Amino acid sequence: MNISKLNKQNSHLDLTNPDVKELLSLYKDHAEVPYISPTRNLKEWLDLVSIGSENLVPKRNTIRFEEDLLPGHLILLWRIQFGTFTTSSGYPKYFEYDYGINAEQALKEVIEKGYATQLSAMDSLPYLNAAQLKSVLKQFGLKGFSKLNKEGLMELAQAELTEDQISPCFTIRGYKITPAGTEILAKYPEAVDRHPKKKY
């Protein structure tokens, strides 16, 4: 285990805490200590591990690729590529408990590395429903949209409004994988190949 990598995700851990010391002992043969959320009941989790009701993060998921990414980062990119991941999406438990990553931090990292990008407000219009789109249009006094379907509402917004105008009107933003992100997924297909699949 590489204690020097603790600060990458676990700078909040109290290394004098007996439960933390036990945790470090469990992961002594791993490449690095998986992310442990500050809200995790560590004592309870350790008890569950001791009786086999909880598992450790697999060793392979704690080994970083040369790009300083963990397999969990790739799973996050794989999830983003479906086009349904937004600022309001939750992070499944498996990111922490199976892949050992802080998914929120990992999202910032893949964006900083150029593997994903956050969409603009205009490009995030598809994530609004028809009622929300009508509410946006109404704020600007636009007329004649009451019978438009969602596609028509988006087209009207794109034709009549600017990014600066609509940006304050709603907070949801989508995420998009970049060509570099697609390439990194193709470079390490084994990470995604091992992940249980479902449709998004």
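Lysine 43 is partly exposed, with a relative accessible area of 48%. Its partner in a salt bridge is aspartate 19, with the closest N and O atoms 3.4 Å apart. Aspartate 19 is buried, at a relative accessible area of 17%. Lysine 43 belongs to helix α3 and aspartate 19 to helix α2, so the pair ties together parts 24 residues apart in sequence. The model is predicted.

**Salt bridges**

The whole structure holds nine salt bridges. Three of them are set out below.

| Pair | N to O distance | Relative accessible area |
|---|---|---|
| Lysine 43 – aspartate 19 | 3.4 Å | Lysine 43: 48%; aspartate 19: 17% |
| Lysine 93 – glutamate 54 | 3.9 Å | Lysine 93: 54%; glutamate 54: 19% |
| Glutamate 66 – lysine 187 | 2.5 Å | Glutamate 66: 67%; lysine 187: 40% |

Glutamate 66 sits in the loop between α3 and α4, and lysine 187 in helix α10, so this pair ties together parts 121 residues apart in sequence. Glutamate 66 is exposed. Lysine 187 is partly exposed. A network of salt bridges links Lys8, Glu32, Arg64 and Asp68.

**Glutamate 54 and helix α3**

Glutamate 54 lies in the loop between α3 (42-50) and α4 (71-80). Is this residue buried or exposed? Glutamate 54 counts as buried because its relative accessibility is 19%, under the 20% cut-off. Lysine 93, its salt-bridge partner, is exposed. The pair links distant parts of the chain, with lysine 93 in the loop between α4 and α5 and the two residues 39 apart. Leaving aside neighbours within four places in sequence, glutamate 54 also contacts Trp45, Leu48, Val49 and Tyr97.

Two of those contacts, Trp45 and Val49, are among the buried residues of α3, along with Leu42 and Leu46. Seen down the axis of α3, the buried residues fall within an arc of 100°, so they line one face of the helix. An α-helix has 3.6 residues a turn, so residues three or four places apart point the same way. The cover over the buried residues of α3 includes α2 (18-26) and α5 (94-97). Just after α3, glycine 52 has a positive phi of about 85°.

**Nonpolar cores**

The largest nonpolar core has 27 residues, and Leu74, Leu77 and Ile80 have the most contacts inside it. At least two residues each come from α4, α5, α6 (103-112), β2 (175-177), α10 (179-187) and α11 (189-193). The largest share, six residues, is from α4. Beyond four places in sequence, leucine 77 is in contact with Val110, Tyr115, Ala116, Ile177, Gly181, Ile184 and Leu185.

Another core, of 17 residues, lies apart from that one and includes Leu142, Phe145, Leu153 and Leu156. Leu153 and Leu156 are also among the buried residues of helix α8 (150-160), as are Gly152, Met154 and Ala157. Helix α7 (130-139) is part of what covers the buried residues of α8. At the start of α8, a side-chain oxygen of asparagine 149 comes within 3.3 Å of the backbone nitrogen of glutamate 151.

**Arginine 173**

Arginine 173 occupies the loop between α9 (163-166) and β2. Arginine 173 is buried yet has no salt bridge. How far away is the nearest side chain of opposite charge? Glutamate 163 holds that place, at 5.2 Å. A salt bridge needs the atoms within 4 Å. The arginine 173 side chain instead reaches backbone oxygens: that of serine 167 at 2.9 Å and that of phenylalanine 170 at 2.8 Å.

Note on methods: Residues are numbered from 1 along each chain as its sequence is written. This is a predicted model: local features need pLDDT of at least 70, side-chain atom pairs count only at pLDDT 80 or more; totals for chains, interfaces and linings use all residues. Side-chain values use heavy atoms; hydrogens and water are left out. Buried means under 20% relative accessible area, exposed over 50%, partly exposed in between (1.4 Å probe, protein chains only). Helices (H or I, at least four residues) and strands (E, at least two) are DSSP runs, numbered from the N terminus. Contact means heavy atoms within 4.5 Å. A polar contact is a pair of N or O atoms within 3.5 Å; within protein, one must be able to donate a hydrogen and the other to accept it, and residues adjacent in sequence count only if both atoms are side-chain atoms. The arc is that of the directions from the helix axis to the C-beta atoms. A nonpolar core is a set of buried Ala, Val, Leu, Ile, Met, Phe, Trp, Tyr and Cys residues joined through side-chain atoms within 4.5 Å. Lys and Arg count as positive and Asp and Glu as negative; His and the chain ends are not counted.
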